[in-house]
Amino acid sequence: MSPVRRCSRTACSSPAVFTLTYVYADSTAVLGPLATYAEPHCYDLCAEHAERLTAPRGWEVVRLPTEGGQPSTDDLEALANAVREAARPAPSGNEPVGQGVEVGRRGHLRVLRSAQTHPER
């Protein structure tokens, strides 16, 4: 089996370069860059079929920009930093310190009552 995805149109063996999805609630067809994974409700199209794409009457075709399809090094670095931040252990201390007083417990949930911060007047 070839690792290159092919156009979904019948009898077309050209490589796919665009992905077509439908948003039925908005009567919209969205044509964008080739999706990373083949989805069951999306259609991969070659350049020729994507260019000639038309939608049913009353529907809108949204063509997403395809330039710059590869992420930049800045995008990749930002993603790597976000992953590192998410993997970083939480600060010491099991729970955040708040202004509540525990009045009950059910399983792992706690019932808290707000602590009095202002004296009664």
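How many aromatic pairs does the count come to? We will get to that in the third view, after a word on the model.

This is a predicted model, in which local features need pLDDT of at least 70 and side-chain atom pairs count only at pLDDT 80 or more, while totals for chains, interfaces and linings use all residues. Residues are numbered from 1 along each chain as its sequence is written, and side-chain values use heavy atoms, with hydrogens and water left out.

**View 1. An open sheet of 4 strands has the order E3-E1-E2-E4.**
Let us start with the sheet. Helices (H or I, at least four residues) and strands (E, at least two) are DSSP runs, numbered from the N terminus. The pairing in this sheet is mixed; two strands pair if DSSP finds at least two bridges between them. E3 and E4 stand at the edges with a single partner strand each, so one side of each has no neighbour in the sheet. From one strand to the next, the twist averages 25° (axes are lines fitted to C-alpha atoms, for helices over the stretch in contact, and angles run from 0 to 180 degrees between N-to-C directions). E2 and E4 run parallel and are joined by 4 bridges. If you want a place to look, find Thr28, whose bridge partner in E4 is Glu60.

Are Arg5 and Asp44 buried or exposed? Both are buried, and Asp44 has a relative accessibility of 10%. (Buried means under 20% relative accessible area, exposed over 50%, and partly exposed in between, with a 1.4 Å probe and protein chains only.) The side chain of Asp44 also makes a polar contact of 3.2 Å with the side chain of Thr19. A polar contact is a pair of N or O atoms within 3.5 Å; within protein, one must be able to donate a hydrogen and the other to accept it, and residues adjacent in sequence count only if both atoms are side-chain atoms. Leaving aside residues up to four places away in sequence, Asp44 touches several others, among them Cys7, Phe18 and Leu34 (contact means heavy atoms within 4.5 Å).

**View 2. Ring pairs link Tyr22, Tyr24, Tyr43 and Trp59 into a cluster.**
Here is the answer to the opening question: the count comes to 4 aromatic pairs. Rings of Phe, Tyr and Trp (its six-membered ring) pair if their centres lie within 6.5 Å; planes under 30 degrees apart count as stacked, over 60 as edge-to-face and the rest as tilted. Tyr22 and Tyr43 have ring centres 6.1 Å apart and planes at 70°, so they are an edge-to-face pair. This pair links distant parts of the chain, with Tyr22 in strand E1 (residues 18-23) and Tyr43 in strand E3, 21 residues apart. Tyr22 is partly exposed at 31% relative accessibility, and Tyr43 is partly exposed at 39%. The rings of Tyr22 and Trp59, with centres 5.9 Å apart and planes at 85°, are edge-to-face too. That pair spans 37 residues, from Tyr22 in strand E1 to Trp59 in the loop between helix H1 (47-51) and strand E4 (60-63). Trp59 counts as partly exposed, at 25%.

**View 3. Arg52 forms a salt bridge with Glu48.**
A search of the whole structure finds 2 salt bridges, and this is one of them. The closest N and O atoms of Arg52 and Glu48 are 3.8 Å apart. Arg52 is exposed, with a relative accessibility of 54%, whereas Glu48 is partly exposed at 48%.

**View 4. Ala11 and Ser27 each have a positive phi.**
Ala11 is not a glycine, yet its phi is about 65°. Ala11 is found in the segment before E1 and is exposed, with a relative accessible area of 83%. Ser27, also a residue other than glycine, has a phi near 50°. Look for Ser27 in the loop between E1 and strand E2 (28-33), where Ser27 is partly exposed at 26% relative accessibility.

Technical notes. A salt bridge is a side-chain nitrogen of Lys or Arg within 4 Å of a carboxyl oxygen of Asp or Glu.
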